[in-house]
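Here is a short report for someone opening this model for the first time. Look over the chain, then read on.

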Amino acid sequence: MPPILNRIETNQTPPTFNKTNTFTAGFQNIVDAYGVGNYREVNPAPYSIITFPFIFAIMFGDCGHGLIMAIMAAGMILYERHHKNIEMNNEILTILCHGRYIILLMGLFSIYTGLIYNDCFSKTFNLFGSAWNVTAMFQPNGPWSNETLQNSSVLQLNPAVLGVFSGKPYPFGIDPVTNIHEFLQDENVSHSGGLSHAFRSHTKFIESHRSIQTFLVLIALLAVPWMLLIKPYLLYSDHQRTKHVVRLCDNSKVSIFQSEHTEAEIKGGGDKNHWEEEKFSFGDTFVQQAIHTIEYCLGCVSNTASYLRLWALSLAHAELSEVLWHMVLHNGFTASKGLSSIGLTITFAAFAILSVAILLIMEGLSAFLHALRLHW
């Protein structure tokens with residue numbers, strides 16, 4: 001016997017269903033933790049697959065730590081079938097296994113941003129050669145001498161001196177001269193002059209985008225009167241147009257339609273308010289839009305200020321990584337009496353444990369929570 005399907009007319013909003021798989025389930029849970037969208041609203045989970053790990057990587061940017069994180073996540077993915085059949089009593093391990101694809105993308109994006117920052121365990125790569133040459137500042141080409149280094153607390157690289165600055169930008173990421181501070185501090189050299197010149201070299205690039213920035217700011221400002229004044233009027237016009245279309249319908253068909261449903265409601269005890277015409281209050285709509293406009297203005301200011309944490313967390317991670325390198329591993333390599341192979345093994349083990357515990361777990365969790373806050 002074929003099934004009988006009856007369509008029931010209702011004004012209730014249908015429930016929201018977002019189809020997921022093992023890869024997108026974790027990102028959908030992040031979005032649903034803030035709130036489930038209404039029926040037919042755009043689901044932001046597919047976009048968060050890229051934006052969430054990228055924002056995390058901006059704060060966590062270290063290609064070495066990102067590589068370790070990606071390897072750990074890849075291991076959980078390879079043994080996915082194995083741990084699916086095992087009941088885990090540890091809640092933390094269960095959360096990590098469910099978010100293995102999130103961790104994998106966070107690690108891969110951290111490798112990318114780490115290469116951009118030219119940072120790997122607080123050390124830099126000089127793959128393509130720096131555009132700056134400190135030795136060119138010394139005599140006979142430059143003005144520096146040994147007495148200059150002894151008597152000056154701060155020195156600046158002068159790009160006007162021949163051979164100091166090649167004029168070619170670093171092909172990928174940040175020029176390693178911005179991070180080679182050990183040599184600069186040992187020689188009492190400041191590279192701020194070189195950095196200022198590098199920033200000035202990008203002035204034309206910034207000016208070319210000034211028109212785009214002005215256009216985006218104007219759009220943000222025009223959204224205020226649009227939300228406060230124009231949108232209520234458009235909603236009111238749409239409601240009036242709908243009423244006018246309903247009145248132009250065939251009265252006979254409308255009366256038959258209403259009589260049939262009236263009998264069904266009387267027999268079934270239906271709600272008569274279900275068929276009552278929806279009322280529109282322009283005052284309530286205006287007040288609601290005023291609230292949304294205020295939230296929009298406050299959000300533009302607070303969210304812009306919140307994104308400063310990207311810089312703060314990135315700086316904190318870099319400083320902790322540098323401190324851990326100098327306090328543990330660097331001291332083991334530069335010990336005055338020298339360490340045996342066993343001593344170096346213990347030093348490296350301590351460095352590895354502290355790196356995982358502090359920089360991967362604690363700093364990774366901090367960057368994850370801040371990325372979650374920025375997305376919400």
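In which crossing does H2 pass H15, left-handed or right-handed? H2 passes H15 in a right-handed crossing. A crossing is left-handed if the near helix is turned anticlockwise from the far one by less than a right angle, and right-handed if clockwise. Helices here are DSSP runs (H or I, at least four residues), numbered from the N terminus.

This is a predicted model, in which local features need pLDDT of at least 70, side-chain atom pairs count only at pLDDT 80 or more, and totals for chains, interfaces and linings use all residues. Residues are numbered from 1 along each chain as its sequence is written, and side-chain values use heavy atoms, with hydrogens and water left out.

**Confidence**

The mean pLDDT of the protein is 77, and 81% of its residues reach 70 or more. pLDDT is the predictor's confidence in each residue, from 0 to 100. Residues 181-202 have a pLDDT below 50, with 37 contacts beyond near neighbours in sequence. Residues 263-276 are also below 50, with twelve such contacts. Contact means heavy atoms within 4.5 Å. Where pLDDT is low, the predicted coordinates should not be read in detail.

**Two helix pairs**

H2 covers residues 45-60 and H15 covers residues 341-375. Their axes come within 9 Å and cross at roughly 130 degrees. The two helices are therefore oblique to each other. Axes are lines fitted to C-alpha atoms, for helices over the stretch in contact, and angles run from 0 to 180 degrees between N-to-C directions. Under 35 degrees counts as roughly parallel, over 145 as roughly antiparallel, 65 to 115 as roughly perpendicular, and the rest as oblique.

On the H2 side, the contact includes Phe-52, Ile-55 and Phe-56. On the H15 side, Leu-359, Leu-360 and Phe-368 are among the partners. By class, this contact has twelve nonpolar, five polar and one charged residues. Ala, Val, Leu, Ile, Met, Phe, Trp, Tyr, Cys and Pro count as nonpolar, Asp, Glu, Lys and Arg as charged, and the others, Gly among them, as polar.

H3 and H6 form another pair. Their axes come within 7 Å and cross at roughly 155 degrees. That makes H3 roughly antiparallel to H6. The crossing is left-handed. Leu-67, Ala-70 and Ile-77 are among the H3 residues in contact, and Leu-104, Gly-107 and Ile-111 are among those of H6. The residues divide into 15 nonpolar, four polar and one charged.

**Buried residues**

Buried means under 20% relative accessible area, exposed over 50%, partly exposed in between (1.4 Å probe, protein chains only).

His-65 is found in helix H3. His-65 is buried, at 1% relative accessibility. Beyond four places in sequence, His-65 touches Phe-60, Phe-121, His-317, Ser-321, Leu-359 and Leu-360.

Met-137 lies in the loop between helix H6 and helix H7. Its relative accessible area is 1%, so Met-137 is buried. Beyond four places in sequence, the residues Met-137 touches include Trp-144, Leu-157 and Val-164. Met-137 and Leu-157 are 20 residues apart in sequence and 7.1 Å apart in space, C-alpha to C-alpha.

**Positive phi in the loop**

Most residues other than glycine have a negative phi. Asn-118 and Ser-122 have a positive phi although neither is a glycine. The loop between H6 and H7 holds Asn-118 and Ser-122.

| Residue | Phi | Relative accessibility |
|---|---|---|
| Asn-118 | about 55 degrees | 3%, buried |
| Ser-122 | about 70 degrees | 15%, buried |
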